[in-house]
Amino acid sequence: MIDELAIRLKARQFMAGLDLSNIDKDLTVYTRKVNAKLTTEEMSPGESGYTLTRRDGKSSIVVNELERRERQRFSACHEVGHLVLGLASNHQETPAWSYAKRDDNEIACDIFASELLMPFDAFKRDVDQDQPSFELIERLRSKYVVSFAACASRLAAVTDYPCAFVFMNATVVRYASRSKALRDLNAWVEMRSPIPPGSVAHRLVQEGEWSGEDSRVAQDVWFRDWPNGYDLTEMAKHYPTFEETFSLLWFEPDGGPDEPVKVWSGSVAQEDDGGLQELDGVLSFQKKTKKR
Ligand SMILES: [Zn+2]
């Protein structure tokens, strides 16, 4: 079991006092602090990076130059995480959403990396400028130079809105990141379940459309055991080629319930469905994950 909060705090301690004004272009401020040099080389598809530490304590962090820039940056910060947290690597090829198979150390370093790339105070300030939207995600991802999924999942996690980012592959819900306000309302998105009928995402997949928005999606469509009664806004994007669908869900101000919803399955002792874990920034499962 990963202590997410402890990892985030360690990342923030690590960042304290550093000049972060240039991290969208240059991550040296981080690599220097762990006495490492960042280099790139061509690696096989699916490999993202590794670290070599010499006997004198100096390290080389190597990332795959064939991957996209956002991905290389994520890999570099992930490797810094290995060094700071003192966690061994277990870099096997597993799909990004496959947390069940992913090593705890790897998830921990992903969490660490997302803190480094999207420093909490600055990112939160930017998120608070506007209500959740794909435009806001696009704006922030280009500012912080991170992948769409990494940005969206962090946006949903830090916004004051009751908000969730849901990632779906083929017809199945794979991952959700929820804001504190939404978790406090007892809103649970069911993992590994079919994309719910009645959602915008479901319609896009059915009709092969690319994007859609609806400000009147009944809340019980998405949240486990919720009563009907409030509408939420859902914006969804669907990429038929990759069989990937993303939804952003949120309640408008004063749009959702005031009190936590009593769900029959209770609010305690449930395994968190995603608030604890973040996507590592890559959604790299194209045809190979397709079952035949
Ligand atoms: Zn790793």
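The largest nonpolar core has 69 residues, and C77, A152, A164 and V166 touch the most other members. A nonpolar core here is a set of buried Ala, Val, Leu, Ile, Met, Phe, Trp, Tyr and Cys residues joined through C-beta atoms within 7 Å. Buried means that 20 or more other C-beta atoms lie within 10 Å of the residue's own, exposed means 12 or fewer, and partly exposed is in between, with C-beta atoms placed from the backbone.

This is a predicted model: local features need pLDDT of at least 70, side-chain atom pairs count only at pLDDT 80 or more, and totals for chains, interfaces and linings use all residues. Residues are numbered from 1 along each chain as its sequence is written.

Take A152. Leaving out neighbours within four places in sequence, A152 is in contact with I137, F165, F246 and L248. Contact means that the C-beta atoms of two residues, placed from the backbone, lie within 7 Å.

A152 also belongs to a helix pair. The axes of α6 (residues 134-144) and α7 (residues 148-158) come within 9 Å and cross at roughly 115°. On the α6 side the contact is made by L136, I137, L140, R141 and Y144, and on the α7 side by F148, C151, A152 and L155. Those residues divide into 8 nonpolar, no polar and 1 charged. For that count, Ala, Val, Leu, Ile, Met, Phe, Trp, Tyr, Cys and Pro are nonpolar, Asp, Glu, Lys and Arg are charged, and the others, Gly among them, are polar. Axes are lines fitted to C-alpha atoms, for helices over the stretch in contact, and angles run from 0 to 180 degrees between N-to-C directions. Helices (H or I, at least four residues) and strands (E, at least two) are DSSP runs, numbered from the N terminus.

Next, the sheet. Helix α7 lies across β4 (163-169), β5 and β8, at about 150° to β4. In which order do the 5 strands of the open sheet come? The order is β5-β4-β8-β7-β6, with antiparallel pairing. Two strands pair if DSSP finds at least two bridges between them. At the edges are β5 (172-178) and β6 (211-218), each pairing on one side only. β6 pairs with β7 (residues 231-239) over 6 bridges, and G212 has A236 in β7 as its bridge partner.

Last, W250, in strand β8 (residues 244-250). Why is W250 called buried? Because 25 other C-beta atoms lie within 10 Å. Beyond four places in sequence, W250 touches P132, Y161, P162, C163, L232 and T233.
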